[in-house]
Every structure is written in structure tokens, then in C-alpha cells.
Amino acid sequence: MNRLQLQAVVVQVQSLRYTPAGIPVLNLVLEHESQQTELDTPRTVKLQLKAVAFGALAETLQKQALNDAGNFDGFLASARTGKGVVFHIQAFSKT
């Protein structure tokens with residue numbers, strides 16, 4: 001299974017673009033910070049993650065204010081360059 005649920009803030013948004021088929025695409029960067037427990041020890045987790053959204057969701061996220069928190073659902077895939085991963089956002093809701 002490849003599912004990711006992440007509470008994060010949008011810290012970077014590129015301009016909305018369109019595929020040759022006319023589908024809206026939005027590339028963005030999400031930032032997450034939380035407290036997790038690992039081996040019974042509390043740990044602060046911070047990360048930035050490249051993300052992409054398509055269609056109506058891309059248009060919605062383009063309007064999202066920077067540094068506003070939200071819940072993001074989707075899956076991970078290899079980046080086009082083969083280096084790293086990209087979070088493909090399939091659902092979004094404000095927190």
C-alpha cells in the first residue's frame with residue numbers, strides 16, 4: 001500500500017501550468033513539524049516535501065495562503081529526475 005496522510009503547511013507554490021491535454025498542474029513544497037515517539041523517546045520531526053496536484057485540486061491549492069495548515073492525502077512516487085520522491089496530493093482539507 002502506498003498512502004500518505006500529512007498535516008503540513010504550504011511553504012512554496014509555483015505558477016499553475018497545464019499539461020498538453022489541458023489539465024492544470026501545480027508544483028508546491030510542503031513543510032511538516034510534529035512530535036513523534038520512537039523507542040519510547042519523544043522526537044521532533046521536521047521535513048520539507050515536494051508535492052504535486054492535478055485538476056481542480058491544483059486550482060484550489062493555488063489559492064491556499066502560504067503557511068496555512070492543511071491535511072493532505074495522496075501517495076508517493078519517484079521524481080521525474082529519479083532523485084527523491086514527490087507527494088502526489090489527491091485530497092486536501094484545511095485544519
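Predicted model: local features only at pLDDT ≥ 70, side-chain atom pairs only at ≥ 80, totals over all residues.
The largest nonpolar core in this structure has 17 residues. Those with the most contacts inside it are Leu28, Leu30, Leu61, Phe72, Phe87 and Ile89. Strand 1 (4–13), strand 3, strand 4, helix 1 and strand 6 each supply at least two residues of this core.

For Phe72 and Phe92, the centres are 5.0 Å apart and the planes stand at 40°, so the pair is tilted. The cut-offs behind that word are simple: under 30 degrees would count as stacked, and over 60 as edge-to-face. The pair links distant parts of the chain, with Phe72 in strand 5 and Phe92 in strand 6, 20 residues apart.

Next, helix 1, which covers residues 55–62. Which of its residues are buried? They are Gly55, Leu57, Ala58 and Leu61. These residues cover an arc of only 130° around the axis, which puts them on the same side of helix 1. As background, an α-helix has 3.6 residues a turn, so residues three or four places apart point the same way. What lies over the buried residues of helix 1 includes strand 3 (24–38), strand 4 (41–54), strand 5 (69–78) and strand 6 (85–94). Leu61, one of the buried residues of the helix, is also among the core residues with the most contacts.

Now the strands. How many bridges join strand 3 and strand 4? There are 14, and the two strands pair in the antiparallel sense. As one example, Ser34 has Val45 in strand 4 as its bridge partner. Strand 4 also pairs with strand 6, through two bridges, and here the strands run parallel. Ala51 stands opposite Phe87 in strand 6.

Most residues other than glycine have a negative phi. Two residues here are worth a look on that point.

Leu39 has a phi near 50°, a positive value in a residue other than glycine. Where is Leu39? It sits in the loop between strand 3 and strand 4. Those strands form a hairpin with two residues between them. Is Leu39 buried or exposed? Leu39 is exposed, because its relative accessible area is 81% and the cut-off for exposed is over 50%.

Asn67 is not a glycine either, and its phi is positive, about 70°. Its place is the loop between helix 1 and strand 5. Asn67 is exposed, with a relative accessible area of 55%.

Gln64 is in the loop between helix 1 and strand 5 as well. Gln64, however, is buried, with a relative accessible area of 7%. Leaving out residues up to four places away in sequence, Gln64 touches Val10, Ala69, Phe92 and Lys94. Phe92 there is the partner of Phe72 in the tilted pair, which is where I will stop.

Definitions and conventions: Residues numbered from 1 in each chain as written. Heavy atoms only, no water. Buried < 20%, exposed > 50% of the residue type's maximum accessible area, 1.4 Å probe, protein only. Helix = DSSP H or I, 4+ residues; strand = E, 2+ residues; numbered from the N terminus. Arc of directions from axis to C-beta. Contact = heavy atoms within 4.5 Å. Phe/Tyr/Trp six-rings, centres within 6.5 Å; stacked < 30°, edge-to-face > 60°. Pairing = 2+ DSSP bridges. Core = buried A, V, L, I, M, F, W, Y, C linked by side-chain atoms within 4.5 Å.
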